[in-house]
Every structure is written in C-alpha cells, then in structure tokens.
Amino acid sequence: MVLSLFNHCDASQVGSGSDQGRGCVGQALTFVVKLSLDAELCFSSCDVVIVGAGIVGLASARELIRRHPSLSFVLLEKEKELAVHQSGHNSGVIHSGIYYTPGSLKARLCVRGATLAYEYCEKKGIPYKRCGKLIVAVEQEEIPRLRALYERGMKNNVRDLHIVDAKGIREREPYCRGIMALDSPYTGIVDWRMVALKYSADFKEAGGTVVTQYEVSDISTVKESPSGCSEGMKYPITVRDKKGNEVRCRYVLTCGGLYSDRLSQISGCSREPRIVPFRGDYLVLKPEKRYLVKGNIYPVPDPRFPFLGVHFTPRMDGNVWLGPNAVLAFKREGYKMYDFNPQDFADALSYRGLQKLIMRNVTYGVGEMYRGVFIGAQVKILQKYIPEMSLKDVLRGPTGVRAQALDRDGNLVDDFVFDGGVGDVGSRVLHVRNAPSPAATSSLAIAEMIADEVENRFTL
C-alpha cells in the first residue's frame, strides 16, 4: 500500500530533481513515516479519511486539519487530478444569495460564503472580478416575481441589492433590454477550480495527504486486528478501492458529488435522496461580440419550471458563456451529448422520483432537449435580453453535469443534506448527500458547518 500511495504522485516529477519533484517525494515520504514510524504498524492508517476532492471535500479537509492539526487526515480522490468535475465545470459565478428561501441553509451559507470567498481570494492572490449581476424582467408579468425576489434578497442580507428601471439597466448593460431589474453589484466571477486547488495546497501544507486515482468501492469495519500490529482496533474502519488497496481510519467523511448516493449505499446508509445527473450545454459568444455583455445577466426565475433558465456569464479568461439548458445526462460524468453508461442510465430511469419529475415537466423537458440540439432556439431566448445578438454570433461551448438530488416524489432537493447511520460503520461515517449550487460560493462556509457536524458526531 505504501508503494501504491507513492505512485499517486506525478511520476514525471519524482526523481526529477525539481522543487516540485522533491516536494512530491517529500510528501510521499511524510506519509510513509506517518504511517510506518512504529515498526509494528503494518497497515496504512489515519484518524479521518475524506472521500472526494471536489471543492466541498477540499474545503472541508482544509477546515478540519486547521481545527485539529494533531490528527492525521487523508483525502481520497478517484481521478488523477483534483476538482475536475462539478468544481471544474461550472459557470464561475460568486453568488450573493438572492434566490434562496430566507432562513434556509442555502441562504445563510451563500451570504457568508461569498464574503469568505472574496476574503480568501484577496489573501491568496487569486484573481476575481466583482462584475455584478442584473436579474432582468422582460415581461410585465415578471415584475411581481422580481419584487418578491428583491424582498427575499433583503431578508437574506444580500449586500447592496437594489431595483433599477429600464434606464438603469442600459447604464449597467448598454446592450441589454428590459423593463426592470435587480442590480446585485456584489456578485462576481472567479475560476473555482483555481480556488479548489488552493484549498488543496493549504491542506497539504498543514500536513494532510492527498491520494489520487483511489476509487472507493467499500467502506466497512475491520474484522480483526492485523497480526503483529500493536495498534489493535484503534482504526476500526477500512476504506478500500477497486485495486485492492485499503486505508484504515477512525472516521470517514464523504463528499462524493455525483456519486454521493452510491457512497452512502456501500457504507450501509440510505441511498435516498437519489442523485440524477443533468447536463447543461453552454454556448459562447464569438470574441468580436464579447462587448455585448459586461456582467452577469440572469432571467427572473419561473416557479413553474425546475431549473433557472439561460443566462449570460462573463468568464475570467474573457469568454462569455450563454446558457445552460438542463437535460438528463445518460452518464454521471457524461459531458458529451452521446456519452452513455448503461448502469447510470438504467439507475436514473428506474427511479420513481425521476419518473414523476418527467411526467410533471414533459413540455419543459422536450423544449430543453430541442434547444440543446437546435441552438437557434436557444439564441431566440437570449435575444429577449440582448436583441443585437444573432445566431452567427455564437458557437457551441463547454458542458457541465449537475448532481441533482431527487426525492422519491420527484421533488428537487433544494438544500443541504447530511446522512449517517447506526451500527459499527454508520456511526463512524458522515455523508454530505447534497451540496447544491451555490456550493462553490458557499464552500468555506459549508466547510465550517461540516466540521461542526463532524465534531458533533465523532470524538476527534
């Protein structure tokens, strides 16, 4: 196991003589020493294993090791790189907390998380732009919903939020047309994967170990103490991967994103709420048309539909993303239209919750699929906000896959869900079952809450 953990460093750096290579070797040796300093300790062990190195897992690992520097932490990630799925395939927005139900965890964590995110970026020198956001009403019937959204934002203590008229819209976005809008100057943009990698660096600098290419396949109790080991049953939980490697620990925290329900299931906990993957396809403005958009431009949410709708999002690299739509993905990490995994597809369609969601939203769902194939239909919606835009101004862009938690009645689970269990395994495992958007914005605040939950449930 020691050899396999060493191999998870970048092989091109090991032995290269570079600072990065020496750091990689040093990190591996630190882990070996930590695990094997006692000659009788013949298995890999630590106090806490964190599963999943997306932005929530990384932020939580960072927070836990900051609070408990004397404990040993190992972060397990199934991919070769960190933060490559939802954390690396998102709009890059720093949300201000307007949309969410007052008093909900989403609202509280987003407002605090945005403040912490800006402070963290300043401290670490991570580039960001506080470019603002307009939520634009283009129809009279949207005005009452817009005003209600303003009241909700005020209850959530969103900073600097105010209503502007058509003239105010044009002052902020010269090419945008609308009759009224909410102006949120505190909204910004950042590269969230860059932020996540900084969390990882903080975690490792504090003594934590990150192990990549470790796809967890089993979480169970140790049957007996390994022969010849003096540690006895100090580490009663075993976390195994598909290659036969194992790490023993006292407690496990999972932040599995698209696989959070399956991680819960293999540890003997409930699989509900179920994760159903929805793919979002973006368009991008051609470079010569980027002047049309200065900041984020969002629609007024329509409560009849399960998702927000298309919007305009400037990026840190200068691109402008348009979208996304929301269609069922046929693979949990399926970023292409024709990506398909039989297990993921059957898993989703056989779930009663998804069946009910589809039946309630047939027309909406068909429209989303149509707009995903025929981008002219998507552009037609975008033209309600920026009439000067045309089909020749856009190109197909990137995609993302959202881990949408659904209950068995077909309701989108709209807030954070934590789950544990009973018995020898369940009592030592905490699953973050649902960390919905804006999880990236809220990541540092979520990490505080998760660390509190870990401390409440476990004896660290």
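**Packing of helices and strands in the predicted model**

In the predicted model, Leu64 is found in helix H3, which comprises residues 55-67. The relative accessibility of Leu64 is 0%, and this residue therefore counts as buried, the cut-off for burial being under 20% relative accessible area. When neighbours within four places in sequence are left aside, the contacts of Leu64 are with Phe73, Leu253, Ala451 and Val454. The C-alpha atoms of Leu64 and Gly208 lie 10.0 Å apart in space, although 144 residues separate the two in sequence.

One of the residues in contact with Leu64, Leu253, belongs to strand S12 (residues 246-254). Strand S12 pairs with strand S11 in the antiparallel sense, and four bridges are found between them. Within this pairing, Val247 of S12 stands opposite Val239. The two strands form a hairpin with four residues between them, where Gly244 adopts a positive phi near 95°.

Strand S11 also pairs with strand S10 (residues 216-221), again in the antiparallel sense, over five bridges. Here Thr221 has Ile237 in S11 as its bridge partner. Strand S11 spans residues 237-241, and because four of its five residues are buried, the strand is largely enclosed by the rest of the structure. In general, the strands of a sheet pair through backbone hydrogen bonds, in either a parallel or an antiparallel arrangement.

An open sheet of three strands is also present, with the order S3-S8-S4 and antiparallel pairing. Its edges are formed by strand S3 (93-94) and strand S4 (128-129), each of which pairs on one side only. Strand S8, covering residues 188-190, runs antiparallel to S3 and is joined to S3 by two bridges. In this pairing, Val93 has Ile189 in S8 as its bridge partner.

Two further residues in contact with Leu64, Ala451 and Val454, fall within helix H14 (residues 443-457). Helix H14 packs against helix H4 (residues 105-124) at an angle of about 115°, and the axes of the two helices are 6 Å apart. On the H4 side, the contact involves Leu105, Leu109, Arg112, Gly113, Leu116, Ala117 and Tyr120. These residues meet Leu444, Ala445, Ile446, Glu448 and Met449 of H14. Classified by residue type, the contact of H4 with H14 contains nine nonpolar residues, one polar residue and two charged residues.

Technical notes: Residues are numbered from 1 along each chain as its sequence is written. This is a predicted model: local features need pLDDT of at least 70, side-chain atom pairs count only at pLDDT 80 or more; totals for chains, interfaces and linings use all residues. Side-chain values use heavy atoms; hydrogens and water are left out. Axes are lines fitted to C-alpha atoms, for helices over the stretch in contact, and angles run from 0 to 180 degrees between N-to-C directions. Contact means heavy atoms within 4.5 Å. Ala, Val, Leu, Ile, Met, Phe, Trp, Tyr, Cys and Pro count as nonpolar, Asp, Glu, Lys and Arg as charged, and the others, Gly among them, as polar. Buried means under 20% relative accessible area, exposed over 50%, partly exposed in between (1.4 Å probe, protein chains only). Two strands pair if DSSP finds at least two bridges between them.
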